[in-house]
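Please open the structure in your viewer and keep the selection panel at hand. The tour goes from one selection to the next and says what is there at each stop.

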Amino acid sequence: MLLSVEKRSKLDESDDFDFYDYPRFVNHVDDAFIMQLTELYRRYLTPQARIFDMMSSWVSHLPPEMEFAEVVGHGMNEEELARNPRLDRYFRQNLNQKQLLPLEGDYFDAVLNTVSVQYLQYPEAVFAEIWRILKPGGVAIVSFSNRMFYQKAIQAWRDGSDGSHVQLVCKYFESVGKFESIEVAKRTGRSLQGSTGFMSLLRPPSDPFYAIIGRKSGELA
């Protein structure tokens, strides 16, 4: 078993829909993280691709100059998803209650999960679904920092370090056994790039950036 029952537990076991009932129109990471993520998307996504933005909100951080054939969103809050201008359609689903996605297999060129993986109680089942809906050659990008809703994160995440979080998400990919490559991208500097000397001390530390990238075996059609 990838995680014990204890490691899957949350401090707040109330219904997740109740917790996310009101919209939060804020960014949950800083500008430096967002810039890094958008640049990573430029490297791995292609124009006119089909994108699934899993556990999304009112922003997707996709490169503004790139147009996609379709962007499908998933999340927990109707108002947040409705405000996201990049989504062509969306649906609500609690992945801790139901892991099977109402989506066609071998359909998406990319699946994205941004700063939300820490809330999955059954990640091996969710990552199996990610693999199922990806086209052969498609890419999954899971990004995270050190922020979280502490009461809703699973114990395995709450008790871990940044390094153990990277290892844990890699294990989520590996649990499927069908991703041909798993890469790690990170930026852990405590100050923004280019900040030196006295002025760097006046800047708040930037959020660390981590992304795990897995590619489904096969070739894109």
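**A walk across the sheet**

Begin with strand β2 (residues 70-75) and β3, which in this predicted model pair in the parallel sense over four bridges. To see one of the pairings, select V72, whose bridge partner in β3 is R89.

Now show the open sheet of seven strands, which has mixed pairing and the order β3-β2-β1-β4-β5-β7-β6. At its edges stand β3 (89-92) and β6 (179-187), each with a single partner strand, so one side of each is left without a neighbour in the sheet. Neighbouring strands of this sheet are turned by 15° against each other on average, direction ignored.

Next, select helix α2 (residues 31-44), which packs on the sheet and touches β4, β5, β6 and β7 (209-216); the direction of α2 makes about 20° with that of β7.

Then turn to strand β4 (residues 108-114), where seven of the seven residues are buried, so β4 is largely enclosed by the rest of the structure. Strand β1 (residues 50-54) runs parallel to β4 and is joined to β4 by four bridges; selecting D53 will show this residue opposite L112 in β4.

Definitions and conventions. Residues are numbered from 1 along each chain as its sequence is written. This is a predicted model: local features need pLDDT of at least 70, side-chain atom pairs count only at pLDDT 80 or more; totals for chains, interfaces and linings use all residues. Side-chain values use heavy atoms; hydrogens and water are left out. Buried means under 20% relative accessible area, exposed over 50%, partly exposed in between (1.4 Å probe, protein chains only). Helices (H or I, at least four residues) and strands (E, at least two) are DSSP runs, numbered from the N terminus. Two strands pair if DSSP finds at least two bridges between them. Axes are lines fitted to C-alpha atoms, for helices over the stretch in contact, and angles run from 0 to 180 degrees between N-to-C directions. Contact means heavy atoms within 4.5 Å.
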